[in-house]
Amino acid sequence: MRSVCVTNNPLWRDGYGETEAVRVMEEAAAADVFIAARDLVHKGWRFAGHPLYGNFSPTRHPYRTLVLIAPGEAGGLDMESLALLEQALEACRGDARDIAAGEMPARMKSDFAMLDRSLMEEIVKRYIGRGGSL
Amino acid sequence: MKPYRIVHYLNQFFGGVGGEEKADIKPESREGAVGPGVAFKAALKGEAEIVGTVICGDGYFAENMEKATGEILALIAAFKADAVITGPAFNAGRYGAACGAVADAVRAKLDLPALSGMYEENPGVDLYRKSVVIVPTSDNARGIKDAVPAMSRLILKMLSGETLGSAAEEGYMERGIRVNCFHHRPGAERAVEMLLSKLRGEPFATEYPMPNFDRVPIAPALKDIKNATIALLTDGGIVPKGNPDRIESSSATRYGTYSFAGIDSATDKLYATAHGGYDPTYANHDPNRVLPLDVMRDLEREGAFGKLYETWYSTVGNGTSVAMARKFGEEMGQALKAAGVDAVILTST
Amino acid sequence: MKLELHKARVRGIQWGGKTALGGNRVLQVNRAELMELLAEDGRFASIDMDIARPGESVRIVPVKDVIEPRCKIEGSGEMFPGMVGDVESAGEGKTFVLEGAAVVTCGKIVGFQEGIIDMSGNAAEYTPFSCTYNLALIFQPTEGLEIYEYEQACRLAGLKAALYLARKAHEAGAGADNVETYELPSMTESFTKFPNLPKVAYLYQLQTQGLLHDSYVYGLDAKRLLSTLIHPNETMDGAIVSGNCVSACDKNSTFVHQNNPVIKALYARHGVDVNFVGVILTNENVTLADKRRSSAYAVKLASMLGVEGLVISEEGFGNPDADLIMNCRRAESAGIRTVLITDEFAGRDGASQSLADATPEADAVVSTGNANMMIELPPVERVIGYTDYVDVIAGGFSGSLREDGSIEVELQAITGATCELGFNRTGAKTL
């Protein structure tokens, strides 16, 4: 498997439901997606895209979709990905008054899901593949 | 106009109670100024006076932060204080942390102006600079003659309700808080101006200083782990029972050097934790949890690596000043290298 | 390449029988005529229009884009080339500008993306558009309209309206109050012309992450571009158009692209103490490989131009900081001195890390302010658009829209408040 996509955005099941490389984490928070990515980075995977995409602080965005590329032959830690991860986790320190994903109005949540999908569409296509037909 | 009522917070030493042996005293009050508090009278110019002093042992505070803070706040409130001055703590780490904590609590819970004074390397600075106004002082008590006028001027300004200017303007330590302002010119013009100064080699002031980079380059990976000598160190505070080297539970000023010779496991018969920053129950029950000697011995027997280095170091990484940590690291590193150690596992909490 | 901006100063706005700029400098707008023009795009179920003047107790929300009314009066090329105008190169000849007027588009594309413009009160000083006479267009999409279509329809409608206002006013005889001339010679000439002045270029980063986070150059999605050169005059004819709504404070509206302050500042000093060599456009794609490609290419272009210094501006927060820092590092390594313009997301208490990335080479930074600063907006007499979205505007939070109509929100929600082109006088300092 050359690349993998970890996400908590259920919209990715459209077209990628059968794709093993796209792992939709059920009922997970955006922070859990970062942790899943962190575990992969520690094992030598590296980011295909910058984890802080979109212009919101990750605390204000209920969805996170991250694409990672498998470790190469040489193995070893990708320092850039590690640094990106640390920066992303730093940006995850939110404010108590931020709207928690659970309290978000449904319309807003679905807007975020749609945006998340569209912002990451290209990277997923490029690194994972086109997915099944809708 | 009646002078403002200030309460002064001191530790056991400056409060005249005693030295390290009295570090465990509980919070107590005195009427009026005590010790260094007397020096504030002239600088406060009759606009304010120290009506009472609260003294607390640094050890007691470090080990009972929440409880001690509550007790201290109650004593302060009893004086009907208008403001609080804590320290100056100079370079005393636990005292600095206590001064910062008390000033912060006064601000947050009593909604009164409060400030402190410390040496820039005091761990209390890193911990509290964002929320507390801290006046920079020298690293020892001889600096009291400069600290007092600076602290007095600031506390009077805070009492008058005037907003404080920037750290540079007012003479306190930069808090690292960004606040918005309006410049005379738009950002684009300021940018072109700044670039021209930079190109001409003229001085310019960046509007956003990059964060401090203290990056240590990572050493290359071990090539031959099967034959490597590995050392096990910790800043989780595991020490031989009784803490023979009296490593402090916070703001440690020393580390211990011990031997693993003939020892297979970090049992509770041999070791305990001295660290004041976490609940010690599980670490005391089985110190291997913080200092995994048992697992290292297993792996050594299995041949996963060559040899476990006999000597181990321990300190308490709780409110340790960066300068102190750097010093420990350099000393330990040199000794380990000289002894032919190939790699180190450093555990923390 | 030489461009003259013929600027007619607008001092009022009202509905009238004929779209024209009156003798008293009041812009009259024929509502029905403009409505008919915009309704040609069948993708709107309804279009509403309203007027907001500086000083009025009016709030416009949610703002999608702001555009300055301009049209070509002489020279090749058309306004907003590749979008509503033909693709031929623009930026030379004469362009008519209704200075002091603006078209503001509002649409419920996604509820939370867009921003607030207050025409009076304390929030007014944070947005440049409290000082412009605004024609607000409020769009409702047809039922089931796909979001990409809706975004494009809104974008084009705003440009069409801006072009319409300028063209009609000019045709009706509006004269310019002043003419600004912008002329930069060819590269060969600029290299030899001011031999003793430092050669400086402007590296212009464009937001290009995807839907509602895009920019267009001559109608092309800038995401697809290799870093490239552009003549500064082309930006004045709308060669760069915003498709970006996120986040309100630091997204570059088409208005600021048309009035790029860095370009203006470099032009002002060109031949005086700087040799303004040109402008390099680059993008801010999410893919790391794209970032590296664009950054390497952009700095290579700067090296090819032989510049000594670069002003670099960014757009957005988070991953655009990575582009900014990467460009800075590469340029400085190549011996090119840099100054960066960016805003900060230092948290509501101002104590968090302001940028998502950092490097010691970034020793010259202009800050356009902390976008997380809290601000209190008073209730207003009239709202243009929809307030039910304020809670969910970037920088808003649950409960931020109060019953009395007042709003507690971060600066992030105010349109153009921390524009990273350095349009405003806002900044930040460390306490």
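In chain C, strand S14 (residues 213-217) runs antiparallel to strand S17 (residues 240-244), and five bridges join the pair. Within this pairing, C:Ser215 sits opposite C:Ser242 of S17(C). The model described here is a predicted one.

S14(C) also has a partner in strand S15 (residues 220-221) of chain C, again in the antiparallel sense, this time over two bridges. Here C:Tyr216 finds its bridge partner in C:Asp221 of S15(C). The two strands S14(C) and S15(C) make up a hairpin with two residues between them, and C:Tyr218 in the turn adopts a positive phi of about 50 degrees.

How much of S14(C) is covered? Five of its five residues are buried, and this holds for both faces of the strand.

Turning to chain B, the chain is divided into domain 1, covering 4-170, and domain 2, covering 225-347. Their C-alpha centres are 35 Å apart. Contact between them involves nine residues of domain 1 of chain B and ten residues of domain 2 of chain B. On the domain 1 side, the elements giving two or more residues are helix H2 (58-63), helix H4 (93-110) and helix H5 (123-128) of chain B. Of these, H4(B) gives the most, with three residues. Sorted by class, this side of domain 1 of chain B comprises four nonpolar, two polar and three charged residues.

Terms used:
Residues are numbered from 1 along each chain as its sequence is written. Chains are lettered from A and ligands numbered from 1 in the order in which they are written. This is a predicted model: local features need pLDDT of at least 70, side-chain atom pairs count only at pLDDT 80 or more; totals for chains, interfaces and linings use all residues. Domain bounds come from an automatic or database domain assignment. Two residues are in contact if their C-beta atoms, placed from the backbone, lie within 7 Å. Helices (H or I, at least four residues) and strands (E, at least two) are DSSP runs, numbered from the N terminus. Ala, Val, Leu, Ile, Met, Phe, Trp, Tyr, Cys and Pro count as nonpolar, Asp, Glu, Lys and Arg as charged, and the others, Gly among them, as polar. A residue is buried if 20 or more other C-beta atoms lie within 10 Å of its own, exposed if 12 or fewer, and partly exposed in between; C-beta atoms are placed from the backbone. Two strands pair if DSSP finds at least two bridges between them.
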